[in-house]
Amino acid sequence: MNARDAADPLAPFRARFVQAPDVTAYLDGNSLGRPLASTGPRLADFVTSQWGYRLIRGWSEGWLEQGQAIGDELGRVALGAAPGQTTIGDSTTVLLYKLVRAAIELRPGRTELVIDRDNFPTDRYVLEGIAAERGLTVRWIEPGDVTVNRIPLGPDTAVVVLSHVAYRSGFLADVAGITAAVHEAGALAVWDLCHSAGVIPTLLDEWGVDLAVGCTYKYLNGGPGSPAFAYVRASLIGEFRQPIQGWLGSANPFEMGQGYEPAVGIQRVLSGTPPIVGMLAMQDMIALIDEAGLEAVRAKSIALTSYAIELADELLPDATLASPRDPLRRGAHLTLDHPRFEAIVPLLWERGVIPDFRRPTGIRLGLSPLSTSFEEVEIGVRTIAELLRN
């Protein structure tokens, strides 16, 4: 055992995850988290005791409220959000579209949307599509770390869309400082929390965040395609205008009446029937994060990425670190660049070492603190070095 694992207070949590017998180092937890061992029985129980036995009666026995109940728990444990501001449903893409469209309506007469060119493709594509359909202009932040002084803000700025943690470099943005600057310009900020939810202590209420969205299959371990979450600040919910008007977001869904009247509260963010099965797995992980403590999760995250950088400095001298060295400016993953990385990634997978590749030349190491050991990090970096030598 790696000495760091022996001294790690969170090491016992790793045994609660399903382990793949052919994987020696899983370094892609920021793309898809490992399932918890408790998730299989939870899913099986739902199929039999709830779906199987209660059938359609389940909708009136808690299913309809499940998205908001889980949202409130996620808000308490990981987002720093008071109840009634977070809900689960739809994909990240759909929720991002809804939040940006609603934010535009809250800033009438303003014509500019702001986003960085290094943001995840979905975020950029959604903004470009909205700009085209609404006749707005996208103002681009050129590649590089997103700091307050690099954001083009002015009297025409309506909405700024940024990521808390950059998907490639792992740069950790100053949410509170940037949000304050956006507000000073009279605009609204929409934050993408996909690479921070569940691994970075987050204080949405305290930071004055307007709207936020994030996926649940990375550090929240909800499984492939598990539904995303949306946060809307309490003071904005009453003005939130739903751009995709569906039955579940209406005031009285089962009346099936004429004309759309939005629901009171965060339910108005929803549109269609909630993905109940897709919400099940994340409940186990939210509870596990609560048990471990998010501050402790963050401390191990820093230790894991720092160890990976230490090993890379020693064993991969020709690779370039594309992530911040300062751990306070870095999320839970990092990227190393080398011109031969694309060629060796399939070989790594064959050896049971699973990172992912980010073009043009990056291997990204996503180190999920509760399921990743220091030994895995060492095995991974040493295997990369061995394959480069050969």
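Colleague: How many bridges pair strand E10 with E13?
Modeller: This is a predicted model, where local features need pLDDT of at least 70, side-chain atom pairs count only at pLDDT 80 or more, and totals for chains, interfaces and linings use all residues. Residues are numbered from 1 along each chain as its sequence is written, and side-chain values use heavy atoms, with hydrogens and water left out. Strands are DSSP runs (E, at least two residues) numbered from the N terminus, and two of them pair if DSSP finds at least two bridges between them. E10 (residues 333-337) runs antiparallel to E13, and the bridge count is five.

Colleague: How many residues of E13 are buried?
Modeller: Buried means under 20% relative accessible area with a 1.4 Å probe, protein chains only. Gly362, Arg364 and Gly366 are buried on one side, as are Ile363 and Leu365 on the other. The strand (residues 362-366) is therefore largely enclosed by the rest of the structure, and its buried count is five of five.

Colleague: What is the volume of the largest cavity?
Modeller: A cavity is a set of points on a 1 Å grid over the protein atoms alone where a 1.4 Å probe fits but cannot get out; its volume is the space filled by probe spheres set on the points, joined across faces, edges and corners. Searching the whole structure turns up one of 30 Å³ or more. Its lining includes Tyr219, Met285 and Leu370. The volume of the largest cavity is about 40 Å³.

Methods
Buried means under 20% relative accessible area, exposed over 50%, partly exposed in between (1.4 Å probe, protein chains only). Helices (H or I, at least four residues) and strands (E, at least two) are DSSP runs, numbered from the N terminus. On a 1 Å grid over the protein atoms alone, a cavity is a set of points where a 1.4 Å probe fits but cannot get out, and a pocket is an open set with protein on both sides within 12 Å along at least five of seven lines; lining residues have an atom within 4 Å of a point.
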